[in-house]
Amino acid sequence: MAKDFLKGTRDSYDVVVIGSGLAGLTSANILARAGHSVLLLEHHYQLGGMATWFKRQNGHIFDISLHGFPIGMIKSCRKYWTKEVADSIVQLKGVRFENPQFSLQTTFDREDFTRILIEKFQVTAETVQRFFDTARGMNFYDDQAKTTRELFEEFFPGRSDVVRLLMEPITYANGSTLEDPAITYGIVFSNFMSKGVYTFEGGTDRLITLMKDEMEKNGVDLRIRSLVEKVEVTPDRKVSAVVVNGKRIACRTLISNANLKSTILKLVGPEHFDKAYVEETEAVRLNNSSCQVYIALKPGVSIPHQGDLLFHSEHSGFDVNAMLSRQVSSRTFSFYYPSTRPGSDRYLVVSSTNANYSDWASMEPEEYEAAKHELCEGTLDCLARYVPNIRELVDHVEASTPRTFEHYTRHVHGASFGTKFEGLKVSRELPQQISGLYHAGSVGIIMSGWLGAVNYGVIVANDVDKQLHAMA
Ligand SMILES: Cc1cc2nc3c(=O)[nH]c(=O)nc-3n(C[C@H](O)[C@H](O)[C@H](O)COP(=O)(O)OP(=O)(O)OC[C@H]3O[C@@H](n4cnc5c(N)ncnc54)[C@H](O)[C@@H]3O)c2cc1C
């Protein structure tokens, strides 16, 4: 008989959380810690959502989205998780750029970028300072019509090399483009620039295990392999229950960490919302997806230090479409050294590229396998420029595509970073449409990535806590 992953669940909870991405986990933990009964439902066999990992023969462990995040994670994890989680966050000091316009290594913080912009790119100190101050001063309530392209034109007209330095890493970090609102750039860029790029020592598996232990301590009822099929709403527009693996479980409030559009249009259903809100939801643009190539070196084999993050491009300038193309000309390599997982002797490399779902969606199985093979081979060729004998050292190589991300996280079109900016408004207005119904998860560019997702989980948990107290 099939295992019942919902065995022993209660009939009703104060809060049901759909999905265990970093936002869902953080909301669940905060609300359970505040004394509410919380049920967390995850369709996958592992918690973490995009913050995930997989294991392969010979003891290799690959991290999917552990390339780097801003220092703000330390504070958020200390406050909303544990000291142990926060204390495991360490800086990555070697961020490298290799492209036809420049070759450089940086600690990716304001001080070092100031030096580089002045000494290498010959920008005046006054312009650099004004740019950083402007970016740092941007917030959600500023002018949302100004684009990132306009921001760069204002400070660095005609300087495609400077734009590339400032923009390429952010495009990899959250899929944003020059046409997105400048405030999204300013907020995310400044978060990184404040103190550089950070990672979690011990790998994503250790992080999620620590989070799971903490949630269990706080009483979260955690269920994996539990697919929510439906969110039930009363005729007077109050959330009332979920249907999960065919079972109905009642709830007073619900947080969906699932994709914003599928939450509204599929799990709840458009008939429960105002027409204008449905139209607004339908118009929300998804962010792009990704491809990755995972490369494990043979046990005992090492490579010289290559930096931690290497932004490689063969393209002549910064070009978002080129970065998304299946004809790959830009990649980010993450190098994982034994120090990433203390006690391990392994060297791994993960290559990431932004990708269009539509390029991969309709391939027949044979074509799909061939395309993945081509992606792996092209990546090894590219890596050989930095590690010439890489093919002799490799023990395992495989690729993921937008289809892989869609399969594991159920994000529409495998969107890696949620939605474009307009998604944030739709997400925030959800409880005004249906009482007790909330969304927390990557949306609006600024609320994506590890830090954005954790912080959005906090914001939404506070809203839910307030509502539960008001209902009491
Ligand atoms: C390739 C790649 C690299 C990245 N690199 C970085 C990086 O270096 N730094 C960084 O900060 N960010 C990175 N990100 C982005 C970051 O991982 C995400 O923004 C963040 O983890 C998303 O968290 P989330 O809370 O939005 O939820 P998600 O991670 O999107 O998780 C949503 C969860 O909901 C579950 N779910 C969906 N529908 C249902 C349902 N009906 N029933 C039950 N469960 C359901 C899914 O299975 C999933 O577990 C990367 C993303 C990708 C794809």
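These are legends for close-up views of a predicted model.

**Figure 1. The whole chain, before zooming in.** Here we have 18 helices and 18 strands in one chain. Its radius of gyration comes out at 22 Å, close to the 23 Å that the globule rule gives for 472 residues, so the chain is as compact as a globular protein of that length. Along the principal axes, the C-alpha atoms fill a box of roughly 60 × 50 × 45 Å. Buried residues make up 49% of the 472. Take the contacts with a separation of 6 or more, and 73% of them come from residues 24 or more positions apart.

**Figure 2. Helices α4 and α5, packed together.** Packed helices come down to two numbers, the angle between their axes and the distance between the axes. For α4 (residues 110–119) and α5 (residues 125–137), those are about 145° and 9 Å. The crossing of α4 past α5 is right-handed. On the α4 side the contact uses R110, T114, L117 and I118, and these meet A125, V128 and F132 of α5. Sorted by type, the residues of this contact are 5 nonpolar, 1 polar and 1 charged.

**Figure 3. Strand β6 at V95.** V95 sits in β6, a strand covering residues 95–98. Is V95 buried or exposed? With 22 other C-beta atoms within 10 Å, V95 is buried. Setting aside neighbours within four places in sequence, V95 is in contact with Q105, T106, T107 and F108, and also with V197, G307, D308 and L309.

**Figure 4. Two residues with positive phi.** Most residues other than glycine have a negative phi. F108 is not a glycine, yet its phi is positive, at about 60°. You'll find F108 in the loop between β7 (103–106) and α4. F108 counts as buried because 24 other C-beta atoms lie within 10 Å, and the cut-off for that is 20 or more. F108 also turns up among the contacts of V95. R237, again not a glycine, has a positive phi of about 60° too. The loop holding R237 runs between β10 (228–233) and β11 (239–244). R237 has 15 C-beta neighbours inside 10 Å, so it counts as partly exposed.

**Figure 5. Y141, out in a loop.** Where does Y141 lie? Look in the loop between α5 and α6 (148–155). Y141 has 7 other C-beta atoms within 10 Å, so it is exposed, given that 12 or fewer is the cut-off. I183 makes a handy reference point for this view: Y141 and I183 are 42 residues apart along the chain, while their C-alpha atoms are separated by 8.9 Å.

Notes:
Residues numbered from 1 in each chain as written. Predicted model: local features only at pLDDT ≥ 70, side-chain atom pairs only at ≥ 80, totals over all residues. Axes fitted to C-alpha atoms, helices over the stretch in contact; angles between N-to-C directions. Helix = DSSP H or I, 4+ residues; strand = E, 2+ residues; numbered from the N terminus. Left-handed = near helix turned anticlockwise from the far one by under 90°. Contact = placed C-beta atoms within 7 Å. Nonpolar A, V, L, I, M, F, W, Y, C, P; charged D, E, K, R; others polar. Rg over C-alpha atoms; globule rule 2.2 N^0.38 Å.
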